[in-house]
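Reader: Please take one part of this structure and look at it closely. Then place that part in the chain around it.

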Amino acid sequence: MEHDGYDPLILAFCCNWCSYAGADLAGVSRQQYPTNVRIIRVMCSGMVHPNLVINALTKGADGVIMCGCHPGDCHYIDGNLKAQKRADAIFLMLEDFGLERERFRLEWVSASEGIKFAEVMRQFTEEVQKLGPSPYKA
Amino acid sequence: MIRLTVNKQNVEVEEGTKLLSAVEKTGAKVPTLCHHKALTPYGACRLCVVEVHAPGRPPSLHASCSYPALDGIDVLTDTDRVKRARRVVAELLLARCPDSEVIRRIAAEQGVTEPRIRSKNDDCVYCGLCVRMCEERMGRSAIGFSGRGPRKKLESPFGKHNEKCWTCGACNFVCPVGKKVSVLASGGVPIPILNEYNFNLDARPAVSILYPQAVPNKPVIDKETCLRLNHEVCGICEAVCEAKAIDYKKEDERVTLDIGAVILSPGFEPFDPRIKDELGYGRYPNVLTSLEFERILSASGPFSGKVQRPADRKVPERIAFIQCVGSRDNERDYCSSVCCMYATKEAIIAKEHAGEDLSCDIFFMDIRAYSKGFEAYFESAKKHGVNYIRCRVASIEEIPETKNLKIHYLTEDDRKVSREYDLVVLSVGMQPPKNVDGMAKTLGVELNEFHFCKTSVFHPVDSSRDGIYVAGPFTEPKDIPETVMQASASASKVLSLLHDVKGSLIRPKEYPPETDIEGQDPRVGVFVCHCGTNIAGVVNVPEVVEYARTLPGVVYAENNLYTCSNDAQERIKEKIREHRLNRILVASCTPRTHEPLFRNTIREAGLNSYLFEMANIRDQCSWVHMHEAGRATRKAKDLVRIADAKAVMLEPLQKGSVAVNKAALVIGGGLAGMTSALELAEQGFDVHLVERENELGGNLRRIRYLLNGENPREELKTLIGKLEGNARIRIHKGANIVSIGGSIGNFKTKITTGGEEKEFDHGVVIVATGAKEYKPEEYLYGRDERVMTQLELEERLTQEGARLLEGGKGRSKTVVMIQCVGSRDEKRPYCSRLCCPEAVKNALKIKELSPDTHVYVLYRDIRTYGFRESYYSKARRGGVAFVRFDETAKPEVLGNGDGLRVKVHDRILDMMLDIPADLVVLSAGTVPHEDGKAIAQLLKVPLNQDGFFLEAHMKLRPVDFATDGVFLCGLAHSPKSAEESIIQAGGASARAGGILSKDSLELEANISHVVDEQCDGCAYCVEPCPYQAVTLIEYAWLNGVKKTVDINESLCKGCGTCMATCPKGGVYIKGFKLEQIGAQIEAALQALP
């Protein structure tokens, strides 16, 4: 999604059990979405340290999205809910770093939601596109 | 062989190959339109032009699809001249068919968005795909071109509809501009092959993967509809399959197996509502079954989860659910047990998908939310705005203009009412599987009166034939958790029956010793997969390979047609040895399906299997960016770079193991505890059975008779006899548990019994602490001896018989039963499940002993699920009066001198009834045993808000705790019948036996690891760990005390909560270290130019 010479770079942390599988299903069902997203597989959204998100955003990522299982579906009981609590902390940290809160997002995507995965990636890419390049981008 | 160059790259192809294949072999991309792998080259569209330099000739442009690959020529695919030519072609195509999405995309790829010449708005691009398809593949020649030049026209012979066309639809399918060619040929459109998985709501091809979760996830050819198999034509799938995996000659095989036991789980058949003509199913398009609606709600369903009507795709505003369709009627005197809850679920999900404004009405007789957590779910549905209408539905009528539906029904107070809806969902019941009688005969098992498999209360997984066990709705309609429990219980029976030969057919795999890579620099080998054209059709694979060679640590890179093929595995092993590779990176599909294969391959080559990383360039790249070849290639390179960043940091990991103590602790000597103890002993394991009381039997001692006539006293005696006679079982009565230490495989438990302390080791725990009857505080209980509970009545009916019911002087006595005492109220919001069948059982007993006795049952919903329904019918036929009351108007029991009076508002007559009663029987609920709390604390397992133990997953893991090695059964889990307790106990034994049958347990490798130097013992990570795997410890260090945390490796599952909580990097997950994820992030941020 190139537009006004700005091609956003987006990182997506996807949990192995639901969202990464949802991303695979998007592929299996040939759902098309922008090429801007780079997925990093983690075992659980609850394993993503807030520093990883902040580091990514302060080193040049234009947006970071964290995807986990729907509440109640977590493979590790409630790692996704822990991720949700950390997301609240991350939003506060974004403020400290002078970044728009829209540059970070938490989404629940199940293994059967290939269509939703693609839709979320389209929407998020568009939103980050609107924000313009990260102020931390060299 | 022919040798030529493509874009200066040497390539060798066989004689007779077309230029396009040679070009594709190098990874270069050439656009095509009229080309199809299964058809002869045509050269019509000229989109695939390339520049050919032949020695001694001027360079010329040729259509690569039809021009032969010649020795010694040089081919250029991307020169300005080529680009100009393609642009002109694209512009002409676009001018001809400006409305076609495919043509617009092709043109856009050549940089053309608007043609400079006047548009023709034609519906044919003259590519000839349909003509060739019809002639070459279908052998019909039902369509062709007539005329020449500007008069060229696509038409059928003589311009008339012809009989040669059999409307297979191949022409329509292959047409790039979406023309309905078959209509031209014969006036027909192909009849779609309906997709059975989506209950025929959409179509599927004749060769397809049946549904996204199918195992194995491979396409199959439908023998019924495949043209190749039926008419020897087509064969397109064989022509396009790069893997050459299609074999039309495969036949079904007859296989003979030697087996020691059989488990039958043939499931159920949904009721076909066509039988009930008044509901209009099959006639009215907007009357659906619940299973059809379930597919509509599904994200992978026919409308991608959007709530729409099948016929006109209109979004409904009002949906009605009609319950008990094919259940609880004259022909099927049983309840299907699951429909009330699934209708409730579908209503909630429909509202979630379509918005809160969607109105959902559920037409029902009794809401049977009897299972664990169901009552709360039912209450939450009402809060969501799901509307429940208690009534009987008479008929459904369609309004022809709108295709809306009018439901005519009788309200509880006998009024005729009609309501209009956009969509009606029939909650169809469960029937025995198709051809069940034949199957039963073949297998030699008996069926019951409803043609489900016959079992008994005390032998609920045994069919009538030895060695054949049963599970699932085949024995009775049931929900998922009950099915899962029964499946495990069957497995337990098989484990007992076959325990002598268990594991005798397993051959352990041998691996070479592991290479030590300590101190070696990373030497990464990269294998990039074409996946036929799945990846290579979009991504320029050779370019990715070239790029990979430039990455840090990479010493070898190659591309493979299929990296997962057998020969590719041999090649990977060979390259590991040849180049001394110590990390392997495969760029192909998803690690979720293929990581195990590659890990095994590298282990076979002597590499630790964790020195492996994957880049997902198919599912998450080529398949989702199909029309952006350049950007997809760039992303594929990025993904390989990200994977390499992690690969170079990978370390060899070992799976730990713990030895297993092959004994079990069973807590609780009631029916569930005794059953699981016996099953485990019969599987061949030692069992410690701990009972708080001085006698075994628990609540079963108070059960005197059963609905179906089985004798519980005899069964209890037999069971205790078996336990006491089994040398593997040590029974500890009058025992109190002091402590339970350790974890899966190695527990140590201390108990006191008879004033002495005992200690023993065991590998698993089964919790069966039971529950008990609620002691009512309401309805004069305890203050008037004529008010009693159902269990007390059962006891007295057994002791006193008809005497209890004799009124004297020819007067008949009156017994009033009150349901939901201590259940479904504010204090105990759950349904106790047992009390409705118990009330029916005792009412029938009373009528049997004294037919003249009047029996009233005052109820809110009668929840006689499954086959219990037929006893409810029997009680009604036998004259038991069932009077419904509302939760807001509970009955009153008054004691005035001699008699008791019960006052209740009758909803049907709409008047107060004042019933003089001789006995008032309270259907008291089931409450968890108070010991549960202490046991929960000792084992660190959770209780739910009602005080029952909380399993790992309500549906799929109903006997497991989240803590490994600890299992659950019986009333401690939730209220349930004797039969259900036995089933769950069997299930728990199978799960426990699965652990005990191993000598040692292999642990996860990707688990938590403490970096002691960085941990300062702040203990932030201790509480969040969902598995209680982290403990704070102290040790003496440098004249002081060092605090740190310790990970119990047998409990840790590697979720990484600790890592994300730690502020100091004091703990990490092996294989997902912060530095490793950090390196991936850094690599992702170095965007390519």
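Author: Two residues are in contact if their C-beta atoms, placed from the backbone, lie within 7 Å. On that basis, Lys655(B) touches Glu1002(B), Leu1003(B) and Ala1005(B), not counting residues up to four places away in sequence.

This is a predicted model: local features need pLDDT of at least 70, side-chain atom pairs count only at pLDDT 80 or more, and totals for chains, interfaces and linings use all residues. Numbering starts from 1 along each chain as its sequence is written, while chains are lettered from A and ligands numbered from 1 in the order in which they are written.

Where does Lys655(B) sit? Lys655(B) lies in a loop of chain B, between helix H18 (629-647) and strand S25 (657-659). Helices (H or I, at least four residues) and strands (E, at least two) are DSSP runs, numbered from the N terminus. Lys655(B) has 14 C-beta neighbours inside 10 Å, so it counts as partly exposed. (Buried takes 20 or more other C-beta atoms within 10 Å, exposed 12 or fewer, partly exposed lies in between.) Leu1038(B) is 383 residues from Lys655(B) along the chain. The C-alpha atoms of the two are 33 Å apart.

Now the chain around that loop. Chain B has 27 helices and 48 strands. Its C-alpha trace spans about 125 × 90 × 55 Å along the principal axes. Of the 1089 residues in chain B, 45% are buried. Among contacts in chain B with a separation of 6 or more, 67% join residues 24 or more positions apart.

Next, the nonpolar cores (buried Ala, Val, Leu, Ile, Met, Phe, Trp, Tyr and Cys joined through C-beta atoms within 7 Å). The largest core has 240 residues. Ala587(B), Ile766(B), Val767(B), Val920(B) and Phe967(B) have the most contacts inside that core. Take Val920(B). Leaving aside neighbours within four places in sequence, Val920(B) is in contact with Tyr779(B), Arg786(B), Val787(B), Val816(B), Ile818(B), Val893(B), Leu900(B) and Val902(B).

Two helix pairs of chain B follow. Axes are lines fitted to C-alpha atoms, for helices over the stretch in contact, with angles from 0 to 180 degrees between N-to-C directions. Helix H19 (residues 671-683) and helix H20 (residues 712-724) come within 10 Å by their axes and cross at roughly 45 degrees. H19(B) and H20(B) are therefore oblique. (Under 35 degrees is roughly parallel, over 145 roughly antiparallel, 65 to 115 roughly perpendicular, the rest oblique.) Met674(B), Ala677(B) and Leu678(B) of H19(B) meet Leu719(B), Lys722(B) and Leu723(B) of H20(B). By class, this contact has five nonpolar, no polar and one charged residues. (Nonpolar means Ala, Val, Leu, Ile, Met, Phe, Trp, Tyr, Cys and Pro; charged means Asp, Glu, Lys and Arg; the others, Gly among them, are polar.)

The second pair is H21 (residues 790-800) and H22 (residues 835-849) of chain B, at an angle of about 25 degrees, axes 10 Å apart. That makes H21(B) roughly parallel to H22(B). H21(B) brings Gln790(B), Leu793(B), Glu794(B) and Leu797(B). H22(B) brings Cys835(B), Glu838(B), Ala839(B), Asn842(B), Lys845(B) and Leu849(B). By class, the contact of H21(B) with H22(B) has five nonpolar, two polar and three charged residues.
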